[in-house]
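The following note sets out several points for a colleague who is examining this structure. It takes up aromatic contacts, a pocket, helix packing and backbone geometry in turn.

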Amino acid sequence: MRAVQVTTFGGPEVLSVIEKADPVPRPGQVLVRMVAVDVLFLDTRLRQGWGQDYFEMNPPYTPGDGIAGEVVALGADVDPAWLDKKVVAGTDNSGTYAELVAVEETELALIPDGLDEQAAVVLLHDATIAMRLVDHAAVRAGERVLVTAAAGGAASIIVQLAKAAGAQVIGAARGEGKLGLVRTLGAEPVDYSAPEWVEEVRELTGGVDVIFDGAGGAYGRAAFHSADNGARIITYGASDEDFAEIDADEARRRDVTITGLLEIEQLSRHQRKNVLVKALAEAAAGHITPAIGRTFPLERAADAHTAIEQREIIGRAVLRA
């Protein structure tokens with residue numbers, strides 16, 4: 001089979017396509033023929049050598065955590081009903097940029113009718129994070145919500161969930177393509193490359209009740225100034241190097257709570273799977289739609305990484321078989 005390998009830490013050019021033996025599923029595993037793999041910003045960071053204190057990714061290795069495809073073989077002690085089924089699963093970064101991947105049966109979720117593999121694999125990470133964050137924030141009807149980096153994979157679903165909860169949603173993004181997606185999702189777009197963008201948010205809302213900050217850095221720090229007293233801020237990612245460094249004293253004075261993703265109660269594997277199954281059902285019913293920006297064939301994984309790093313992707317990048 002073909003697989004993508006990180007040969008050494010570095011730029012996208014260190015990704016190469018190799019031929020290797022087909023994996024054999026162990027007891028409790030199935031073999032999935034890949035149809036779609038989501039490409040995460042995290043994948044690009046790990047490829048550069050970031051996160052060695054948290055991730056044991058030492059070259060040569062095959063990147064990737066999520067996969068959607070067809071079950072083509074079963075290991076011992078696996079329910080035979082899985083054979084030939086369309087499934088999606090996470091693998092704890094065991095390497096999914098490959099034509100065939102061995103996956104634990106306990107991680108499998110059935111892809112419902114009406115949903116394709118590309119949508120399902122994007123929902124695996126983006127919808128499960130978005131649903132956790134919106135649930136934690138307890139967004140209520142009539143509240144004013146700001147979502148930064150709003151055209152991102154998880155952020156675009158946060159926008160949809162907050163709208164469905166009855167909130168007024170402002171989506172901050174940069175560039176007409178990303179602002180167009182925000183508009184399509186039903187939020188009010190604000191271009192946060194404009195110098196007075198925070199003032200525009202305050203004019204639209206009078207101050208926001210909830211901020212979902214997936215941008216971090218200067219954008220996150222600026223977003224804080226759009227918060228009304230008593231606001232809840234959820235930080236869950238950073239497209240530049242750090243999370244927003246918000247003035248803690250001012251936050252306390254204004255009764256603004258700030259919660260990072262890692263501070264939210266972590267779900268067990270069983271709970272994460274339940275959230276995924278719910279997200280798949282919501283998408284199949286048309287209630288949420290994942291944002292797929294571009295797809296790339298497996299052999300062009302380096303191009304996908306380059307596009308992500310150059311901020312060219314609106315939504316999520318996906319590798320396809």
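**Notes on the structure**

1. Y192 counts as buried, since its relative accessibility is 9% and the cut-off for burial is under 20%. The model is a predicted one. The rings of Y192 and Y219 have centres 4.0 Å apart and planes at 5°, so this pair is stacked. Y192 belongs to the loop between strand 10 (188–191) and helix 5 (197–205), whereas Y219 belongs to helix 6 (residues 217–224); the pair therefore ties together parts that are 27 residues apart in sequence. Ring pairs also bring in W197, giving a cluster of Y192, W197 and Y219.

2. In total, the structure holds 3 aromatic pairs. One of them is formed by W50 and F55, whose ring centres are 6.3 Å apart; the pair is tilted because the planes stand at 40°. W50 is partly exposed at 37% relative accessibility, and F55 is likewise partly exposed, with a relative accessible area of 22%.

3. A ring and a charge also meet in this model: the charged end of R254 sits over the ring of F224, at 5.2 Å from the ring centre.

4. The second largest pocket contains about 220 Å³ of space. It is lined by 15 residues, of which P23, S94, G95, V101 and A102 are the closest to its centre. Strand 6 (residues 100–104) provides the largest share of the lining, with 3 residues. By class, the lining has 9 nonpolar, 4 polar and 2 charged residues.

5. V24 is in the loop between strand 2 (15–19) and strand 3 (29–39). With 66% relative accessibility, V24 counts as exposed. Although V24 and V101 are 77 residues apart along the chain, their C-alpha atoms are separated by 8.8 Å.

6. Against what do the buried residues of helix 4 pack? Their partners are strand 9 (168–173) and strand 10. The buried residues of helix 4 (residues 176–184) are L179, G180, L181 and V182. Just after helix 4, G186 adopts a positive phi of about 95°.

7. S156 is located in helix 3 (residues 153–164). Its relative accessibility is 0%, so S156 counts as buried. Apart from neighbours within four places in sequence, S156 is in contact with A150, L185 and A291. S156 and V275 are 119 residues apart in sequence, and their C-alpha atoms are 17 Å apart in space.

8. Most residues other than glycine have a negative phi, and most peptide bonds are trans. P59 and P60 are joined by a cis peptide bond, with omega about -5°. P60 is found in the loop between helix 1 (41–47) and strand 4 (66–74).

9. A138 is placed in the loop between helix 2 (117–137) and strand 8 (144–147). A relative accessible area of 38% makes A138 partly exposed.

Methods:
Residues are numbered from 1 along each chain as its sequence is written. This is a predicted model: local features need pLDDT of at least 70, side-chain atom pairs count only at pLDDT 80 or more; totals for chains, interfaces and linings use all residues. Side-chain values use heavy atoms; hydrogens and water are left out. Rings of Phe, Tyr and Trp (its six-membered ring) pair if their centres lie within 6.5 Å; planes under 30 degrees apart count as stacked, over 60 as edge-to-face and the rest as tilted. Buried means under 20% relative accessible area, exposed over 50%, partly exposed in between (1.4 Å probe, protein chains only). Helices (H or I, at least four residues) and strands (E, at least two) are DSSP runs, numbered from the N terminus. A charge sits over a ring if NZ of Lys or CZ of Arg is within 6 Å of the ring centre and within 35 degrees of the ring normal. On a 1 Å grid over the protein atoms alone, a cavity is a set of points where a 1.4 Å probe fits but cannot get out, and a pocket is an open set with protein on both sides within 12 Å along at least five of seven lines; lining residues have an atom within 4 Å of a point. Grid points are joined across faces, edges and corners, and a volume is the space filled by probe spheres set on the points. Ala, Val, Leu, Ile, Met, Phe, Trp, Tyr, Cys and Pro count as nonpolar, Asp, Glu, Lys and Arg as charged, and the others, Gly among them, as polar. Contact means heavy atoms within 4.5 Å.
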